[in-house]
Amino acid sequence: LQPLVNLIKETITGHNVSFCDATTLQVLNEPDRPAETKSYVYCMRGGPPDKQSIIYEYNWEKHKVFVRDWYAEFSGYLHADGDHVFDLLDERDDIHLVHCNAHARRKFEPVAKSSKKQGVAKEALRFFKALYKIERQAKNENMSPEQRHALRQKYSKPLFNLFIQWLDEI
């Protein structure tokens, strides 16, 4: 199966947009490793819109090096959370880390819930709610990638720019 795995990886790293996320995994009976040791399963996705590919890879050690080596041939935008395993990629000029709004939103949510006042966290959640409404419209209308792009350029980009401006001000 290795030639097929290599082809999937080439499809993902050969395009200029990719996604990567890791999930922890506990392996109980792995040779020379205690069961309490965390491992990760990485999900990588990418490729041109008409040839999207997804691959899962298991890794048990040196996660920053694993991610750096996996994306050695990649150049473009990598959508990922803010985990430190991506630090080595962030040092490269040809890779632009695009962080996840869902992860950013999670930082504001508990603060907003615990506060009775209208404050920074609640205002931030209003921006996220508006952005998510646009994404829901794209999903409900089953938009093509091109239609989603146009919708985001028209509505999400100006809203996101206002959000960034507001964040800079506060």
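Me: Which helix holds both lysine 113 and glutamate 109, and how many residues apart are they?

Reply: Both lie in helix H4, and they are 4 residues apart, about one turn of the helix. A helix here is a DSSP run of H or I with at least four residues, a strand is a run of E with at least two, and both are numbered from the N terminus. Before we go on: this is a predicted model, in which local features need pLDDT of at least 70 and side-chain atom pairs count only at pLDDT 80 or more, while totals for chains, interfaces and linings use all residues. Residues are numbered from 1 along each chain as its sequence is written, and side-chain values use heavy atoms, with hydrogens and water left out.

Me: Why is the contact of lysine 113 with glutamate 109 called a salt bridge?

Reply: A salt bridge needs a side-chain nitrogen of Lys or Arg within 4 Å of a carboxyl oxygen of Asp or Glu. From N to O, this pair is at 3.9 Å, so it meets the rule. Arg105 belongs to the picture too: together with Glu109 and Lys113 it is linked in a network of salt bridges.

Me: How many salt bridges does the structure hold?

Reply: There are 8 of them. One of these joins aspartate 87 to lysine 64, with the closest N and O atoms 3.5 Å apart.

Me: Which parts does the pair of aspartate 87 and lysine 64 tie together?

Reply: Aspartate 87 lies in helix H3 (residues 87-90) and lysine 64 in helix H2 (residues 63-70), so the pair connects parts that are 23 residues apart in sequence. Aspartate 87, at 30%, is partly exposed, and lysine 64, at 36%, is partly exposed as well.

Me: What makes aspartate 69 and arginine 68 a salt bridge?

Reply: Their closest N and O atoms are 3.0 Å apart, which falls within the limit, so the pair qualifies. Aspartate 69 is partly exposed at 40%, and arginine 68 is partly exposed at 34%.

Me: Why are Leu1, Leu4 and Leu7 called a nonpolar patch?

Reply: Patches are made of residues with over 30% relative accessible area and no salt bridge; nonpolar side chains (Val, Leu, Ile, Met, Phe, Trp, Tyr) are joined within 5 Å, and like charges within 9 Å. Leucine 1 shows how this works: its relative accessibility is 83%, so it counts as exposed. Leucine 1 sits in the segment before helix H1 (2-13). Together the three leucines have about 360 Å² of accessible area on the surface, a value that comes from the Shrake-Rupley method with a 1.4 Å probe, where only the protein chains shown count as cover.

Me: How do you know that there is a pocket, and what is the volume of the largest one?

Reply: Rolling a probe the size of a water molecule over the atoms shows where empty space is left. On a 1 Å grid over the protein atoms alone, a pocket is an open set of points where a 1.4 Å probe fits, with protein on both sides within 12 Å along at least five of seven lines. The largest pocket has about 1800 Å³ of space, filled by probe spheres set on the points.

Me: What makes a residue part of the lining, and which element supplies the largest share?

Reply: A lining residue has an atom within 4 Å of a point. The largest pocket has 31 such residues, and Val17, His79, Val98, Glu135 and Arg152 lie nearest its centre. Helix H6 gives the largest share, 11 residues.

Me: Why is aspartate 32 called exposed, and what is its phi?

Reply: Its relative accessible area is 82%, so aspartate 32 is exposed. Its phi is near 65 degrees, a positive value in a residue other than glycine. Aspartate 32 lies in the loop between S1 and S2.

Technical notes: Buried < 20%, exposed > 50% of the residue type's maximum accessible area, 1.4 Å probe, protein only.
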